[in-house]
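Thanks for coming, everyone. I have one structure to walk through today. Let me put it on the screen.

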Amino acid sequence: MALYMLYEAASGYSLFLAHGLDEIGQNTEAVRGSVSDMNRFGKVVQLVAFHPFESALDALNQCNSVSEGAMTDELRNFLELNLPKVKGVKKPKFSLGVSDHKIGSHIFEVTKIPCESNEFIHELLRGVRLHFDRFIKDLKPGDLEKAQLGLGHSYSRAKVKFNVNRVDNMVIQAISLLDTLDKDVNSFSMRFREWYSWHFPELVKIVNDNYLFAKVAKFIEDKSKLSEDNLPELTEVLGDEDKAKEVIEAAKASMGQDLNPVDMINIQMFAQRVMELAEYRKNIHEYLIEKMNGIAPNLAALIGEIVGARLISHAGSLTNLAKCPSSTLQILGAEKALFRALKTRGNTPKYGLIFHSSFIGRASARNKGRMARYLANKCSIATRIDCFAENGTNVFGEKLREQVEERLDFYDKGVAPRKNIDVMKSAMETANDDDGAEPKSEKKKKKKEKRKLDDDSNGVAAIEVEEDVAEKKKKKKSKTESVDGGEADGEVKKKKKKNKD
């Protein structure tokens, strides 16, 4: 049985015929060893036909189709033209080797050409790929590399195209940077507090906030220079006059050591860096909230921007999170505990990253697992709406949050929650109102009012028509009466004249 091989190159489709396989061997290992030798491999594999692509765009379209396992019309014509014809009754005396079984199954369904894809075919195609420039003699040196590079860039660019308004990668990077900044700000703040406390140890007990401590220390610099004259400025920095007075009194009786100017300069520079880092962390937090409200508004409204961003980051993307079932989303972030429980046959974890939600903390100890399961269910719904909905709105997230609140009251107080179908109907109506479209109930009311107006106008028109007909009849009667009266007066006058005569 003859063996043909289809090779999809960056420059076009090519068809090869493998004959005399005994020279290199019939198994995979033998072919693998003889691929590097062009003299042996060239005697076995020969080029049958080559069809170049018309343009770079045509090459990209063909590459996309092949990668999806679909045969184009161009490929079908190429195969039918260069392969032996397949008769419906008889079994073909040849087979076609392809690199992917998906494209092979599609070729067989359409053309009935038998296809095969295995390790033996893959090794033969690897040899074809290695020596392809020697089989196609018309190719100039460097042409094949340019075609491969251009097609690779075009194919990759088409695969990574995305909507710039919904880039979940920005959320992933922002939440990772935020977590890193939290650790760095805390570490630097503790280092600065310890460093400055050698000079002014009493300030630590008065000012607890790290950012405010660095700000006050930068303002004070040398404690010996602090006096009552600095009270207004220090009050402005601290925001509290009593604390400012307490700082001034503590500076007068401080037990800290004096610092030389060089040490003070370094401390002040470090304080400035800590302040800038804390301000940058604040800006990143605002940026993350803004991006989450644009990318996943319903998830952010339901569970919060920070927890929602951590879920997206852990899943890899918003699409991956939307594909997760609610049971997976519930324990997302607790994989180690899950596998440890499965290995030791212990209790599996009830929650992962969603534990940081306020709903889990507000639930009682016996209801935390139920609350986590219910919250994960609602998060899954909100994520899918955010991922696949065309219009971005947080209406569904707000309604789902109301449902979680009602379920929390149900667990604690026994208050019956609303049905899910009623909540979703109200959410749909609110979403339609926000989009400028009228809800169905309003449309029905307007239709009824319009019908009433049409009926009323038809009734008024009918009455007017009847009145017009009555008036016309009256006019006709008056005319006939006047005509009859005129004729009678004329006859009386004629009779009088005859009597006179």
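Start with E194, which counts as partly exposed because its relative accessibility is 48%. Partly exposed sits between two cut-offs: buried is under 20% relative accessible area, exposed is over 50%, with a 1.4 Å probe and protein chains only.

Some ground rules. This is a predicted model, where local features need pLDDT of at least 70, side-chain atom pairs count only at pLDDT 80 or more, and totals for chains, interfaces and linings use all residues. Residues are numbered from 1 along each chain as its sequence is written, and side-chain values use heavy atoms, with hydrogens and water left out.

Back to E194. What does its side chain meet? E194 and R191 form a salt bridge, 3.6 Å from N to O. By salt bridge I mean a side-chain nitrogen of Lys or Arg within 4 Å of a carboxyl oxygen of Asp or Glu. Both residues lie in helix α9, three residues apart, about one turn of the helix.

Helix α9 has other partners. The whole structure holds 10 salt bridges. One of them pairs R310 with D179, closest N and O atoms 2.7 Å apart. R310 is in helix α16 (residues 305–315) and D179 in helix α9 (residues 168–197), so this pair ties together parts 131 residues apart in sequence. R310 is partly exposed at 26%, and D179 is partly exposed at 25%.

R281 and D182 also form a salt bridge, at 2.6 Å between the closest N and O atoms. R281 lies in helix α14 (residues 261–295) and D182 in helix α9, so parts 99 residues apart in sequence are tied together.

Now the wider view. The protein has 24 helices and five strands. Those are DSSP runs, numbered from the N terminus: helices are H or I, at least four residues, and strands are E, at least two. Of the 501 residues, 36% count as buried.

Last stop, strand β4, residues 94–97. F94 and L96 point one way, S95 and G97 the other, and all are buried. What runs parallel to β4? Strand β1 (residues 2–8) does, joined to β4 by four bridges. Strand β5 (residues 115–116) also runs parallel to β4, with two bridges. Pairing takes at least two DSSP bridges between strands. L96 stands opposite Y4 and also opposite C115 in β5.
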